[in-house]
Amino acid sequence: MTQKILFKNIDEPGLATLDVYRARGGYGERLRMALSMSRDALVEELKASGLRGRGGAGFSMGTKASFLPKGQLDKYLVCNADESEPGTFKDRELMQKCPHMLIEGMIIAAYAAGANRSFIYLRGEYEQQADILERAVHEAKVAGFIGDRILGTDLSLSMWVHRGAGAYICGEETALLDSLEGKRGNPRLKPPFPANQGLYQGPTLINNVETLATLPHIIEMGAEHYAKIGVQNSTGTKLVSVSGHVQRPGNYEIELGMSSRDIIYGLAGGPGEGRSVKLWFPGGSSSPVLTGDDLDLSYDFDTLAKAGTMLGSGAIIVADDQSSVVDIALKTAQFYRHESCGKCTPCREGTNWTVKMLERIKSGDATPMDLDLMASVCENIIGNCLCVLGDAMAMPIGSMVKKFRGEFEEYIEAARAAAERELLAGLAPTQPVAA
Amino acid sequence: MSTPRIVNGIARYEHGSRVPGWDEAADLTKDPAGVPDPAVVEVPADLRLEIESYMARYPDSRSAAIPALKAAQQRYGWCSPEAIEQAACVMRLTPGYLAAVAGFYDQLETRPVGRRPVYVCTNISCSLRGADALLAALQDELGDAPDVNLRGFECLGACDIAPMVSVEGVYVGPVDADEIPELARQIRAGDEPLPAKQLINRPSQDPDASAA
């Protein structure tokens, strides 16, 4: 049994309220301890924990916090709660059931980064979660955990929940900042990175919900102890969202380094009776797909990177042997076409062309050459845009074509033959085909 | 609209474009609208107050663009020219700026639609579990309900209850085929949608989450 850190007693009634959360040790000794450390010592502690960002990129949280310049100026902490990566729904459960864990983590992160203003950028669709979170922020303000001179220290922090309005791209950190500044959510050129010039051009630390919610626990158990959980370079526990063709879809807290088979079959129950895993996305729809042969891979950052994919946001989507890879590819490409902000040409046009080619495959108008054309379009997206949205389509589509090329070719032939038969049947009564 | 002429084998309209009516959206002889004059534009007091309270949260009041547009949409049903002009008047921005923001986000409606949003997730996980059929069935059931804005939507972050529907922000699922007529009736009547299937009451699936 994995040690539960984030999900311990997650269903306890009233956990979303300040009283129950405090009774469980929230905002208590651990927060006092964090705020009594020097900023440098706290950042070192976070670095020592080995905690890597849980939103998708997997960058060391402590290192990111250390990038913010020192000195007396307005600095910002932004919690990325835009959770829109298809297959991901872990932050939703965490915020809904234990919003104060996130708030406490944000206080600690703000102290580490020297930030005095903070925002939670929440996707607009999570309306019930937004209400819960706003209530919790209000409770924390009244109790003095948010505001001036928190717990008598020199830390002052404001906090607001900012609701988005439906745009996947706003999960990309620089697009999120533009959106939070009241603009269209277009990504910015990096560098400068947000740590130097982020929100309102000020130094900004941006972290995912799960990353921030982990901080109180790291302080409580000590970085050294936390770093012992998991495997090398992938320390701690991770919430994984398992969905698609499994019998028990849901969020599970696992120790990093667990076998993927144990997650998909052991925890989530695997595909239904008599079915098997055909392909799975290990880290959201942006991650290159793996097949049923890859189920014994250890679920951690480095192993998945070595296998040519990524852990991403920890969202496992499983498709069983009866699903069509062409359908999945089309759904994936359609999503990125819809969500491309349109700023960079390779992404705006490339995602559209890919959808058109996949539709051509479905309607029987494609030739096997189209697969190479599609691969070339994907290649020309990767690395040529301001952000990785286009790459996030190109990589999984590329991996599907590579790993299931035979199926794509068969599909193209079958669809072509069907279209031809239909055409001939339509011509038959008036124009008999010459023998 | 005139018929296109064939120029070098390409059908072109009178204004030279291959697209009919591209210039109809704007009056090209008029200057773009400036920041609305508060003396002329009337804004309901409660809407003004709500938008001003959002503006006060941020170091730069422009950050309130999305909340302000949402508030205006809540009032007028969509981001109508009137709604945008009023929000722009309070925020001291041009209507064009806010219209551009509204055009970017899926939840801000730039055409008149039903007031009550009902989103059916049709992304990968949900479609593997029958979301496309669910959307089609709901469209059949609710096609004639004028105040319902039924849409297929990209991933709503609830793949654990796939296939799912968001009824005015209330997530329900997994929706079985035989529950669709009942759900449609509840949506039409404005009742609680499938009370037993609401995400908000769903316990964690992690078997050890409740262990002490």
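## A sheet in chain B

Let's start with β3 (residues 116-121) of chain B: six bridges tie this strand to β4(B), and the two run parallel. Within that pairing, B:V118 sits opposite B:L150 in β4(B). Strands here are DSSP runs of E with at least two residues, helices are runs of H or I with at least four, and both are numbered from the N terminus; strands count as paired if DSSP finds at least two bridges between them.

This is a predicted model, where local features need pLDDT of at least 70 and side-chain atom pairs count only at pLDDT 80 or more, while totals for chains, interfaces and linings use all residues. Residues are numbered from 1 along each chain as its sequence is written, with chains lettered from A and ligands numbered from 1 in the order in which they are written.

The open sheet has four strands in the order β4-β3-β5-β6 (chain B), with mixed pairing. Its edges are β4 (148-153) and β6 (170-172) of chain B, each pairing on one side only.

## Two crossing helices

What does α3(B) meet in α4(B)? B:I84, B:E85, B:A87 and B:A88 of α3(B) meet B:P95, B:L98, B:A99 and B:A102 of α4(B); contact means C-beta atoms, placed from the backbone, within 7 Å.

## Where A touches B

Across the chains, 55 residues of chain A are in contact with 41 residues of chain B. On chain A's side, the elements giving two or more residues include α5 (90-97), α7 (127-142) and α13 (325-339) of chain A. The top contributor is α13(A), with six residues.
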